[in-house]
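Here is a short note for a colleague who is opening this structure for the first time. Please read the points with the model on screen.

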Amino acid sequence: MTFMTAPRTTPADRPPLGLRERKKIKTRQAIRTATYALIEEQGYDATTIEQIADRAEVSPSTVFRYFPAKEDIVVTDEWDPVIMAELRARPQDESWADVLRHVMRTALDLSLAEEPEVMRLRTRLGVEVPAVRARMMESMAVTGRLLREALAERSGLDPDSLELRVFAMSVMGGLMEVSRYWAETGHRDDIRDLVDRALDVLEHGLPSAKP
């Protein structure tokens with residue numbers, strides 16, 4: 001999920017990771033941390049892969065092995081499988097809106113607790129940098145496909161049906177707008193409340209205009 005930071009912890013119900021996987025996660029995190037620090041210091045455009053590699057103490061080829069392009073460092077994370085697992089674990093009789101509210105709030109609570117400033121940086125770059133914004137849109141499409149599959153399991157609908165396509169991408173589009181709105185308004189609101197408002201619109205439609 002592109003506006004959240006990459007999770008640093010492994011859920012308790014998951015098997016412990018092997019040494020190789022732990023090393024991969026550590027390397028990915030070192031590259032991300034170096035990138036965020038450099039961008040804060042000198043801006044996105046001035047930050048090069050060579051500088052990132054030097055700060056992370058890896059080779060440029062290692063950076064490219066983990067992230068095909070600079071914008072991927074900002075956009076990609078490991079939240080999708082975590083969120084989909086949470087979604088699948090919710091009670092079968094729970095409404096889709098309540099499911100999404102619970103899953104998103106759980107993920108946002110963890111992300112805000114771990115690295116709130118990085119989360120703000122990522123959303124700001126999504127507004128300011130066209131390449132990051134375009135990559136975020138591509139990433140949201142992939143997450144939308146995963147959401148369709150998870151919702152299809154709950155509903156019994158065909159994941160490729162028009163209805164599920166429209167619904168899943170409406171959710172993803174709403175979350176993208178939450179990210180943009182949060183950044184454009186200087187991160188003044190609690191993003192968890194903004195997500196709730198977005199889901200309210202999807203569930204109930206537009207609110208009545210205030211007189």
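1. Start at E57. E57 is exposed, since its relative accessible area is 74%. Exposed means over 50% relative accessible area, buried under 20%, and partly exposed in between (1.4 Å probe, protein chains only). E57 sits in the loop between α2 and α3 (60-66). Its phi is near 60 degrees, a positive value in a residue other than glycine. Helices here are DSSP runs (H or I, at least four residues), strands likewise (E, at least two), and both are numbered from the N terminus.

2. A word on the source. This is a predicted model, in which local features need pLDDT of at least 70, side-chain atom pairs count only at pLDDT 80 or more, and totals for chains, interfaces and linings use all residues. Residues are numbered from 1 along each chain as its sequence is written, and side-chain values use heavy atoms, with hydrogens and water left out.

3. Confidence next. pLDDT is the predictor's confidence in each residue, from 0 to 100. The protein averages 88, and 91% of the residues score at least 70. Over residues 8-12 the pLDDT is below 50. Beyond near neighbours in sequence, that stretch has seven contacts in the model. Contact means heavy atoms within 4.5 Å.

4. H187 lies in the loop between α9 and α10. Is H187 buried or exposed? H187 is buried, with a relative accessible area of 16%.

5. Now the domains. The assignment gives domain 1 (20-68) and domain 2 (77-204). Such bounds come from an automatic or database domain assignment. The C-alpha centres of the two domains lie 26 Å apart. Their contact takes seven residues from domain 1 and 10 residues from domain 2.

6. UniProt, in an unreviewed entry, lists "domain: HTH tetR-type" at residues 25-85. Over residues 25-85 the chain is 75% helix and 0% strand, with end C-alpha atoms 19 Å apart. UniProt also places a "DNA-binding region" (unreviewed entry) at residues 48-67. Over residues 48-67 the chain is 75% helix and 0% strand, and the end C-alpha atoms are 13 Å apart. UniProt positions are in the numbering used here, feature names are shortened, and annotations may be inferred rather than shown by experiment.

7. Which residues have the most contacts inside the largest nonpolar core? They are L87, L125, V132 and L147, in a core of 42 residues. A nonpolar core is a set of buried Ala, Val, Leu, Ile, Met, Phe, Trp, Tyr and Cys residues joined through side-chain atoms within 4.5 Å. Elements giving two or more residues to this core include α1 (19-42), α4 (70-75) and α7 (116-128). The largest share, eight residues, comes from α9. This core draws at least three residues from each of domain 1 and domain 2.

8. Not counting residues up to four places away in sequence, L125 touches I39, Y44, V74 and V132.

9. Helix α5 (residues 79-89) has both faces to show. Its buried residues are W79, D80, V82, I83, M84 and L87. What covers them includes α6 (96-114) and α8 (130-155). V82 counts as buried, at 17% relative accessibility. V82 and V103 are 21 residues apart in sequence and 9.5 Å apart in space, C-alpha to C-alpha. A89, also in α5, counts as exposed at 62% relative accessibility.

10. Finish with the rings. The whole structure holds one aromatic pair. The rings of W96 and F167 have centres 4.6 Å apart and planes at 85 degrees, so the pair is edge-to-face. Rings of Phe, Tyr and Trp (its six-membered ring) pair if their centres lie within 6.5 Å; planes under 30 degrees apart count as stacked, over 60 as edge-to-face and the rest as tilted. W96 lies in helix α6 and F167 in helix α9, so the pair ties together parts 71 residues apart in sequence. W96 is partly exposed, at 30% relative accessible area.
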